[in-house]
Amino acid sequence: MLIEKKERIIMGIDPGTAIMGYGVILEKGNKIELLSMGVVKMGHLDDHFLKLQRIFAKTIALIEEFKPDTLAIEAPFYGKNVQVMLKLGRAQGIAMAAALSRDISVTEYAPRKIKQSITGKGTASKEQVASMLQRLLNFKETPEFLDATDGLAVAVCHSFQRVGAVAAGKSYSGWEAFVSDNKKRVK
């Protein structure tokens, strides 16, 4: 039987080649608290490979500072511009590679799934997501860039997936296993 840790640190990343947002939370049972959030700006860099190098270096630095147990990352969404999708995919891959190089598990979430888990609405705006996170995690400051709350939203979404599974109770391999554990409930 697996024994789950009582606490875990989750780092969330919203990848980008101009601005990468990140958020780090501490999960204690079914409670979460904000540890850090921010952005990595790369608009001043002209070379795409220098941007990728910065993403890798900053992700490693965040990992070394916060020692996350897992990394949650936003999947690139479908766009009309293939070149933009390629660049976003590279940014995401570099952040994932940084985590994997430190033996940190990675989970990917679609933007719609993240918004749905935070606000209850998969089409929510960045502002709605940020507002809900402010209430949920009790912070007042509004980040300069909503990419920071987007990164935080990925981490919170990941926490909600496990908290929901833990709250739902035990999972069973089949009907027979459920019946044997719940004899009083079955007639």
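This is a predicted model: local features need pLDDT of at least 70, side-chain atom pairs count only at pLDDT 80 or more; totals for chains, interfaces and linings use all residues.

Reader: Which residue in E5 is the bridge partner of Ile73?

Author: Glu108 is the bridge partner of Ile73 there.

Reader: OK, zoom out. What is the strand order in the open sheet?

Author: The order is E3-E2-E1-E4-E5, 5 strands in an open sheet with mixed pairing. E3 and E5 (105-109) sit at the edges with a single partner strand each, so one side of each has no neighbour in the sheet. On average, neighbouring strands are turned by 20° against each other, ignoring direction.

Reader: And what does H1 touch when it packs on the sheet?

Author: H1 touches E1, E2 and E3, and its direction makes about 20° with that of E2. H2 packs on the sheet too, touching E1, E4 and E5, with its direction at about 175° to that of E4.

Reader: How many helices and strands are in the whole protein?

Author: 6 helices and 5 strands. Starting at the N terminus, the elements go β-β-β-α-β-α-β-α-α-α-α.

Reader: What share of the residues is buried?

Author: 41% of the 187 residues. As for contacts between residues at least 6 apart in sequence, 61% of them join residues at least 24 apart.

Reader: Back to the sheet. How many residues of E1 are buried?

Author: 7 of its 8 residues are buried, so E1 is largely enclosed by the rest of the structure. E1 runs antiparallel to E2, with 8 bridges between them, and Gly12 has Gly23 in E2 as its bridge partner. The link from E1 to E2 is a hairpin through 4 residues.

Reader: In what sense do E1 and E4 pair?

Author: Parallel, over 4 bridges. Ile13 stands opposite Ile73 in E4.

Reader: Switching to H1. What should its 19 residues span?

Author: At 1.5 Å a residue, helix H1 (residues 48-66) should span 27 Å, and its end C-alpha atoms are 27 Å apart, which agrees.

Reader: Which residues of H1 are buried?

Author: His48, Lys51, Leu52, Ile55, Thr59, Ile60, Leu62, Ile63 and Phe66. What covers them includes strands E1 (7-14), E2 (19-28) and E3 (31-41), plus helix H2 (82-101). As background on the spacing, an α-helix has 3.6 residues a turn, so residues three or four places apart point the same way.

Reader: Now packing. Which residues of the largest nonpolar core touch the most other members?

Author: Met11, Ile13, Met20, Met42, Ile55 and Leu71, out of 21 residues in that core. E1, E2, H1, strand E4 (70-74) and H2 each give two or more residues to this core. H1 supplies the largest share, 5 residues.

Reader: What does Leu71 touch beyond its sequence neighbours?

Author: Leaving out residues up to four places away in sequence, Leu71 touches Met11, Ile13, Ala95, Met96, Ala99, Ile104, Ser105, Val106 and Thr107. Another core, of 20 residues, lies apart from the largest one, and Ala72, Tyr109, Phe139 and Leu152 are among its members.

Reader: Tyr109, then. Buried or exposed?

Author: Tyr109 counts as buried because its relative accessibility is 9%, under the 20% cut-off. Tyr109 belongs to strand E5. Its C-alpha atom is separated by 5.1 Å from that of Glu74, 35 residues apart along the chain.

Reader: Which side chain makes a polar contact with the Tyr109 side chain?

Author: His158, at 2.6 Å. The residues Tyr109 touches, not counting those up to four places away in sequence, also include Ile114, Val154, Cys157 and Gln161.

Reader: Last one: where is Asp150, and is it buried or exposed?

Author: Asp150 is in helix H5 (residues 146-168), and it counts as buried at 10% relative accessibility. Asp150 touches Asp14 and Lys126, again not counting residues up to four places away in sequence.

How values were computed: Residues are numbered from 1 along each chain as its sequence is written. Side-chain values use heavy atoms; hydrogens and water are left out. The expected span of a helix is 1.5 Å times one less than its number of residues. Buried means under 20% relative accessible area, exposed over 50%, partly exposed in between (1.4 Å probe, protein chains only). Contact means heavy atoms within 4.5 Å. A nonpolar core is a set of buried Ala, Val, Leu, Ile, Met, Phe, Trp, Tyr and Cys residues joined through side-chain atoms within 4.5 Å. Two strands pair if DSSP finds at least two bridges between them. Axes are lines fitted to C-alpha atoms, for helices over the stretch in contact, and angles run from 0 to 180 degrees between N-to-C directions. A polar contact is a pair of N or O atoms within 3.5 Å; within protein, one must be able to donate a hydrogen and the other to accept it, and residues adjacent in sequence count only if both atoms are side-chain atoms.
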